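Me: I am new to this structure. Please take a close look at one part for me, the nonpolar core, and walk me through what surrounds it.

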Amino acid sequence: MMRSTSILLTTLFTVVFSSSLLAQEGWRLQGTVLDATTDGGLPGAAVFLDGQGALTDVDGRFSFSGDDSEVKVLRVRYVGYIEATQTLDAWQGDRTLDIRLEPDVASIGTAVVSAGRYEQDLGEVSVSIDVLPPELVNQGAPTSADQSLSRTPGVTIVDSEPQIRGGSGYSFGAGSRVAVLLDGLPVLSGDAGRPTWGFLPLENLEQVEVVKGASSVLYGSSALSGVIQFRTAFPDPEPFTRISVQHGIHSDPGDGRKYWNRPLMQSSTSWLHTRRLANGDGLSFGGQWLGSDGYKGPQINPATGEAHDRPFNPFTVDHYDAERQWRVNGAWQHAPKNGGWGYGLRANAISGESIGTLLWLNADSGFYAATAGADTRTTQRMVTIDPHIERSVGAWNHRIQGRFLRLINDNDNNQGNASSTWQGEARSQYRGELWTATGGVYAQRTRSVAELYAAGTGDSIHNAANVAAYLQVELQPHERLHVTVGGRYEQFVLDSVSLGQPVFRTGLNYRFGQASYLRASIGQGFRFPSIAEKFIQTEVGGINVFPSLDIRPESSTNMEVGIKQGFRFGTEGQWKGFLDLAVFQQDFDDFIEYTFGVWGSSGNGLLDLGFRSINTGRARVSGLEWSTMGQGDLGAWTVQWLIGQTFLNPVSLTPDSVYAEFPTIPGGVSYSSTSSDTTDHVLKYRIRNTFRANLSLQHETGWTLGWNAARNTSIQNIDKAFLEIEELGLLQYGLIDWLADRKDAQWLHDIQVGRKFDDRHHVELIVRNAANLSYALRPLAAEANRLWMVRYTFTP
């Protein structure tokens, strides 16, 4: 397999760079594409000259050459601008030309790259995409990326696991149906497929793109339900420095749930410096330090039942969900200029210590504590090193990039895990006037060493690999119509097991009005089980996790129809944005769900009880989603918003299908026999109705206001065994009473007030969970109560 990968990479490399030999002489045209308003260069604009194509470089420059003597037509396109066309009389020798583009009031005006691996107008793609600009990502002073993502319509983060439109439930941190990418390559752990949210560089982002729907053709197995891509920014021409310091204090929880005395606190600082060198190279360096008590109480001594009450120390970790960490990132990038080479190196590292919890002690006084044995102290170290090289030749862009990811989790229960993952991708793209083609090969290899994954074989070392080739073509047969077709073949190997599978997708987008877009898409997905899902065996807080040596891959088909309406109004068109409506359906085969039940064979009650990944037959997640995003001027205020709501109907299509036979379970293990509520056959651990609202205001005098709201309906169905072990008196979590008393829906509100002084100083007061609600998204896992925070940002 690795020999075939080398052949594919070598072949593509030869094709990629032989195209640079095609340059001609006779006449030459050099030019720059500029913004007509700011006169700044527009990088990545598509320029066409009588069939020849070119992409502008980082400064907006382009060039053509030839030896004919004919009249030529020049066309220039850039997302959010009106296409420019100019007829050029024949000439010989050198000629210089500047093209100034005017903003397109009918365009959505937001550029995205995740749909086709190149910049497209958000209105012209065939899938649903939400875009989070840096201002929204950093609103509320997040210290981890999941805190920002949870504000996105259709996205829910449960126990650090991303869910897009209900495609996933609860998986104990093993296996993901959402690909989390950093600059185009996955940052999921190679053994468990789990993201480390604190690792992502929030201080240096261009934007975050959330693709909803199967994206396996371009991004592989883990993109079964969507993609979350973090795009870092290339330095601006002027040097930039920003330093932020923040400190927060949690309010006391109500309802007698506080068993400690002093307030819980957290402190953090982040920094970023970027600049361009004289030769145009970009340099950036950033990072973050965090020390936090978390939002739960101090650890309880199992022997005495007592908890300490020490003063806040950001350098110690002695509370449930407490953490301390530092993270650094740096990059050097030489951008390709006018047909030249581009290359660079990026590195990220994080080191920290935390105490994670799985089960609360009880639903009353122990709501913010953990069941004995259900807390795990982890020392984590993670590093990535990302080299890349690229070249643009005419309408062609060729890129080879790689990533080495090393992750070490040292757990205090002697069941840590470590993995090394190597990734490589070679990609070529041709952008013509009427079509764009993107093709490439991808290879990944993971070596995992973990006693945690030693079930079945007794071997703690596992090797996994996959190799893939893909091609996606986007056609424009009419100026209003875009059609996308693509396919991918991926071969997986896990130890001695090998399996390959092709997937395909197609979609279209039709612009039927000035700013009205109709889209439809259908895409296949295929996910091979992770090392963790197959081999994990552990015990946490009396709850066992069993291996699934015979688990099979799962597959899905994702369909969507949507309409996006752009708008611009006001006396000077100062209000602009879009309204989007989509209906969707994702059908799964061999659907993998973490299921709680009697999986052991010892005959000893609790020792046989626990979670296990199993294939549960067929399932369907369908629904409707609306969202709006935009900005405008209200007098002296500038307003930005992102608002949306998602309605889900996630159901099992095979509720009586038997997954396993056990004497203690009449009729065998099935959806029906393991579910606490089988009404309408709703899948477990799904939030069926979510609402998100994000509003940001900036006054010309420097005042800033922010408001975030989230509404989540309660989970209807969980594993019935949790209730049965309480009824039998084996364990007492207070879950039965908590489920009976919970509300149908929960509203959360965050508020932010700030003031900027002379563009250098910015002081903010932030209140998260302003109503101080005690709540849980997943039963047995408390979420954070109110946090008061002050943040000071200095920009020299």
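Reply: Contact here means heavy atoms within 4.5 Å. Keep in mind that this is a predicted model.

Start with Trp360. Leaving out residues up to four places away in sequence, Trp360 touches Gly366, Phe367, Ala369, Ala370 and Thr371, along with Tyr733, Leu735 and Trp738. Ala776, Leu780, Ala781 and Ala782 complete the list of its contacts.

Now step back to the core. The largest nonpolar core has 53 residues. Trp360 is among the members that touch the most others, together with Leu359, Tyr453, Phe611, Phe722, Tyr733 and Leu735. H7 provides the largest share, 4 residues.

There is also a second, separate core of 39 residues. Val125, Ile157, Leu218 and Ala223 are included in it.

Strands E28 (497-511), E32 (554-569) and E33 (575-589) each supply at least two residues of the patch. Phe512 sits in the loop between E28 and strand E29 (516-527). Phe512 counts as partly exposed because its relative accessibility is 43%, between the 20% and 50% limits.

Ser268 lies in strand E18 (residues 265-276). Its relative accessible area is 5%, so Ser268 is buried. Beyond neighbours within four places in sequence, Ser268 contacts Thr143, Ser244, Val245, Gln246, Trp289 and Leu290.

Note on methods: Residues numbered from 1 in each chain as written. Predicted model: local features only at pLDDT ≥ 70, side-chain atom pairs only at ≥ 80, totals over all residues. Heavy atoms only, no water. Core = buried A, V, L, I, M, F, W, Y, C linked by side-chain atoms within 4.5 Å. Buried < 20%, exposed > 50% of the residue type's maximum accessible area, 1.4 Å probe, protein only.
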